[in-house]
Each structure stands twice: as structure tokens, then as C-alpha cells.
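Look at the structure, then read on.

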Amino acid sequence: MKNLAVKKKDFLINDLSKALEKEEFSLVFQSKVETQSKKIMGAEVLLRWCHPEYGLIPTEQWVLLAEANNFLPNITRWLAANVIKHLAKDCFQNISLSMNVSPNSLDNDFADFVLSTLRSYDVPASRLMLEITESAEIINMKKLVLVVKKLRLAGVKIALDDFGAGFSSMKYLMEIPVDSVKIDKEFVQKAVGSETAKKIFHSLVDLAHSIKTQVIVEGVETEEHYTLAQSTKTKFVQGFLFSKPVCFNEFKMMIEKT
Ligand code: G
Ligand code: MN
């Protein structure tokens, strides 16, 4: 006998397999802000899945199911195509956009798809950033490094996401050539109340800078977090202090005002 949670999970997997064709995914945009000027220079584009019956499903929940059931590569392609379409819009001319990619969806076919879509929309590759998440274990590091090199050679920017939070951050940083690291939100947040955490936060930023990698501080929710990020001379900040993830129209209004 299956319990209700398992039953619900089975339903969700089945529904998730059809969510793309049923157009149940939407995009939200969270500003990335230049640290000193507070000017919006881009956004991270995030996916939201609105289930017809259960409503908004928390991302952590469906991403795990999608990863385990091999739906993620198709969903990631759909996201990439839509991000690039948005980059081609007039209102986004001076904006860069980033998106999350699980390392195991980042294969050669995906890279070719991204590069040909960029070409067909005549969008410079440097306006797209792929954030490699540490959520899944990397199955084939050698292959991943080749794909990352190919994308970077074409101009696409690569970031290491949630840096410092997982077990493999340092290994990833040693093996994968990246343009940016996004320091996991926990570091700036904990740094406010603890001298030790503050030192760790500074060390992570210094480490990234010392290997000529740009830093984006995530999870900036308060003025205190912002002051701390500012003190490290990191280039970009992201977090609820500036904006939560918002729909296209709202984000468009925000960049018009900036
Ligand atoms: O892991 P990744 O960097 O892709 O994180 C994106 C997620 O982090 C989004 O779901 C977004 O809502 C959340 N997020 C963004 N800014 C903040 C913040 O300032 N505080 C918290 N708690 N979550 C945030
Ligand atoms: Mn991210």
C-alpha cells in the first residue's frame, strides 16, 4: 500500500512530464545589481511551475523530480530558448540574463542548441550567463569541462552557483573554468552576526578575486548585508533588498526606471 505522499509524488512526476507541452511553466526575473551604483545590469531568469490543481510547486521540489526522471534537459532547453528570445527584445538591449543549469544537463547537444539559438536571434553570446548549480553530482567532469570551454570560447559566460554551500565547491572551482562565482546566500547572511562567518565570507570573496573570477553576492536582504558586500568590492549583488523574482512586465518597468 502506498502512502499519500508517495502517491502524490507519482502524480507529480506524471504531471511534470506533460507540464512543458501544457505550458504550465512561466518565467520570473530577479535583478542583478551593480554593487556600487545599484544599477540593474541584468537578471537571473527563474522557472515557476504552476500545477493546475496544486498551484505553485516549490522549485526545489520539482527540480529534484525532474532531475531524477530525466525531464530536466528538455525543460532547460525550453528555458534557454526563452531566455535568448528575451535577450533579443529591444527593452533588454543593455541587459544580460542568466539561468540555472544542472551540470548534467550541460552537454554538447545543449551547448550547440544554445549557440545556434543565440545566432538565430542575433544575440551576442556574452549577454547570456549559465549558472552551474551544485545540486547534482557531476557524472562526467571531463565532458563538462569540454562543454564549458566550448561555450566560453563562443563568449557565453559561466558562473558557479551557490558557491561554498556544497561539498564540492573547491573541486569545481579547480576543474571548471568560470567567469563568476555566486557566493551562497548563507555566507553574507551569517556574516552579519558572527566574526567567524564574516572572515569566511571575506575569504571566499578574496579567493574568487585572487583567481580573477568575478563575484556576485547572493541573498542580500538587508542594508547590513549590502554594506558587507560593498566592503568587499564585489561587482554585483542580488537579493530581496533590491528585488524578489518578478514577472516580465514588472522587470521591464524596473529597468526603464533604472
Ligand atoms: O540557487 P540560486 O542562486 O539559483 O537561487 C535562486 C533562488 O534564491 C530563487 O528561488 C530566489 O527566490 C531565491 N532568492 C533570491 N534572493 C534571495 C534572498 O535575498 N533571500 C532568500 N532567502 N532567497 C533568495
Ligand atoms: Mn542561480
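Q: By class, how many residues of the shell around ligand 1 are nonpolar, polar and charged?
A: This is a predicted model, where local features need pLDDT of at least 70, side-chain atom pairs count only at pLDDT 80 or more, and totals for chains, interfaces and linings use all residues. Numbering runs from 1 along each chain as written, chains are lettered from A and ligands numbered from 1 in written order, and side-chain values use heavy atoms, without hydrogens and water. Asp, Glu, Lys and Arg count as charged, Ala, Val, Leu, Ile, Met, Phe, Trp, Tyr, Cys and Pro as nonpolar, and the others, Gly among them, as polar. The shell has 4 nonpolar, 5 polar and 7 charged residues.

Q: Which element gives the most to the shell around ligand 1?
A: Elements here are DSSP runs: helices (H or I, at least four residues) and strands (E, at least two), numbered from the N terminus. Strand S2 (40-51), strand S6 (157-163) and helix H7 (185-191) each give two or more residues. The most, 3 residues, come from S2.

Q: How far is the polar side-chain atom of Asp-161 from an oxygen atom of ligand 1?
A: A polar contact with the ligand is a pair of N or O atoms within 3.5 Å. Glu-44 makes one through its side chain at 2.9 Å. For Asp-161, the distance is 3.1 Å.

Q: Which residues coordinate the manganese ion (ligand 2)?
A: Donors are N, O and S atoms within 2.8 Å of the metal (3.2 Å for Na, K and Ca). Their spacing along the chain is E-x55-N-x30-E-x29-D. At 2.1 to 2.2 Å, they belong to Glu-44, Asn-100, Glu-131 and Asp-161.

How values were computed. Polar contact = N/O pair within 3.5 Å; in protein donor to acceptor, adjacent residues only side chain to side chain.
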